Amino acid sequence: MKTSRSLVASLLAFASLLPYAAQSAPSGNTGTYTNVLWVVSTTVPQLARCTELLVDATGDLNNSSRLSVYGNLNCFADNTAYPANGSATIFNNGKFGMNLFLSSGAALQCFNWTGLSGICTVVNTGTNAVLGTATLTLR
Amino acid sequence: MAAFQSAIRPSGKLAYFMVAVALVLSGFWLFEVKVFSSAKAEDPAVQVKQPVLNATRPQLYSAEPLKSKSEITPPPQVQLSGTVGGADGQQLAVVSVNKSAETIVRVGDTIFAASTVTEIKQDSMTFRHGSNLIRVVMQDRPASPQGIASPTQALTNEPQVATKENTVPGLTANTGIAGLQSSGEPKNGNVEFRQAFEQKMKSFQSRP
């Protein structure tokens with residue numbers, strides 16, 4: 001009798017935890033938006049001949065506001081591409097932000113965009129010095 | 001006198017021999033005169049034979065004039081990915097020539113053998129290939145039916161002969177979009193990305 005009581009209690013305790021378990025379980029589908037292309041112009045001399053940011057963005061926008069972003073900053077005139085990776089966020093106030101680290105030691109900090117195009121600050125990731133700006137236009 | 005006559009009179013055999021020699025010599029003389037006169041008459045024919053001699057060595061003579069490089073080389077297949085304004089205010093074009101890696105060109109640049117960029121507009125580019133002006137139009141990529149992009153084929157802007165009356169094999173003048181063909185380049189996912197962004201914005205706005 002005592003055993004059956006403890007068994008029932010255990011089952012009830014387990015059942016009470018189920019909603020929390022369901023909440024923490026992954027849901028939704030993660031997808032990738034491939035070949036997202038921004039046309040770039042920048043005031044940073046070292047990146048002046050870089051004209052295209054081509055990335056993939058992965059995330060689950062049905063259940064999240066954040067995306068993982070990765071790709072290249074292409075500089076065709078120099079036959080060079082800087083690998084770029086970082087994240088993007090769609091804020092609930094309607095603003096878009098993105099922070100991308102470049103292999104050159106610089107970062108593109110793009111905040112408070114009202115759409116998917118705007119101006120980014122280019123900073124030196126070692127010294128945090130501002131190197132200039134970059135204008136990104138989603139075609 | 002009789003002695004003299006006997007001295008110069010040949011014997012009978014000798015006389016026959018001398019007559020035969022004379023006939024042979026006269027025959028040779030007649031033959032030479034005929035050949036010489038006929039050779040003179042056929043003098044123009046001798047000159048006519050000269051081209052025949054030339055024809056035996058055709059490697060040294062070309063019957064057709066040399067073709068220019070543009071007539072020999074077919075025009076390149078150019079895909080216009082975009083145009084941007086350069087720092088100097090000049091319009092630049094991002095192009096892929098014969099499905100190679102994209103590169104940026106400006107007016108005056110040579111993009112292929114005997115092909116030179118002559119004009120860049122916001123949505124098109126024109127280049128000269130020999131005597132042809134070929135216009136390439138930037139084409140919007142169609143949206144995928146689903147929100148998430150899948151690796152599909154992109155459109156290629158097949159060069160079109162725009163203003164010249166002469167056409168190039170494989171190209172059709174003023175065919176527009178109907179002349180476009182797909183290439184192996186991946187399409188850009190801007191449309192899907194923009195749709196997802198707008199859908200997310202709507203979901204924020206619909207929240208209480």
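Let's begin with confidence. The average pLDDT of chain A is 84, and 80% of its residues reach at least 70. Where pLDDT is low, the predicted coordinates should not be read in detail.

## The barrel of chain A

Chain A holds a closed barrel of 8 strands, in the order β1-β2-β3-β4-β5-β6-β7-β8, with antiparallel pairing. On average, neighbouring strands of this sheet are turned by 30° against each other, direction ignored. As a reminder, strands of a sheet pair through backbone hydrogen bonds, either parallel or antiparallel.

Next, β3(A) and β4(A) run antiparallel and share 10 bridges. Among the partners here are Gly71(A) with Ala84(A), and Cys75(A) with Thr80(A). Strand β4(A) then pairs with β5(A) through 7 bridges, again antiparallel, with Ile90(A) opposite Phe96(A). Finally, β5(A) (residues 96–102) meets β6(A) (residues 106–113) over 5 bridges, also antiparallel, and Met98(A) stands opposite Cys110(A).

## Hairpins and turns

Several of these strand pairs are hairpins. The one made by β2(A) and β3(A) has 6 residues between its strands. The hairpin of β3(A) and β4(A) has 4 residues between them, and that of β4(A) and β5(A) has 5, with Gly94(A) taking a positive phi near 90°.

Which residues other than glycine take a positive phi? Asn79(A) is one of them, with phi near 55°, and Asn112(A) is another, with phi near 60°. Asn79(A) sits in the loop between β3 and β4 of chain A, whereas Asn112(A) lies within strand β6 of chain A.

Are these two asparagines buried or exposed? Asn79(A) is exposed because there are 10 other C-beta atoms within 10 Å, and a residue counts as exposed at 12 or fewer. Asn112(A) is exposed as well, because its count of other C-beta atoms within 10 Å is 11.

## Chain B and its helix α5

Now for the partner chain. Chain B has 5 helices and 10 strands. Of its 208 residues, 20% count as buried. Among contacts in chain B with a separation of 6 or more, 47% come from residues 24 or more positions apart.

The element to follow is α5(B). This helix has 17 residues and spans 24 Å from its first C-alpha to its last, close to the 24 Å expected at 1.5 Å a residue. Which residues of α5(B) are buried? They are Asn190(B), Glu192(B), Phe193(B), Ala196(B) and Phe197(B). In general, an α-helix has 3.6 residues a turn, so residues three or four places apart point the same way.

## Where the chains meet

Helix α5 (residues 190–206) of chain B packs on the sheet of chain A. There α5(B) touches β1 (31–42), β2 (52–59), β4 (80–90), β5 and β8 (130–138) of chain A, and its direction makes about 100° with that of β1(A). The cover over the buried residues of α5(B) includes those strands of chain A: β1, β2, β4, β5 and β8.

Taken as a whole, the contact between the chains involves 23 residues of chain B and 24 residues of chain A. On the side of chain B that touches chain A, β1 (78–85), β3 (103–105) and α5 each supply at least two residues. The largest share, 9 residues, comes from α5(B). By type, the residues on this side of chain B divide into 13 nonpolar, 5 polar and 5 charged.

Definitions and conventions:
Residues numbered from 1 in each chain as written. Chains lettered and ligands numbered in written order. Predicted model: local features only at pLDDT ≥ 70, side-chain atom pairs only at ≥ 80, totals over all residues. Pairing = 2+ DSSP bridges. Axes fitted to C-alpha atoms, helices over the stretch in contact; angles between N-to-C directions. Contact = placed C-beta atoms within 7 Å. Expected span 1.5 Å × (residues − 1). pLDDT = per-residue confidence, 0-100. Nonpolar A, V, L, I, M, F, W, Y, C, P; charged D, E, K, R; others polar.
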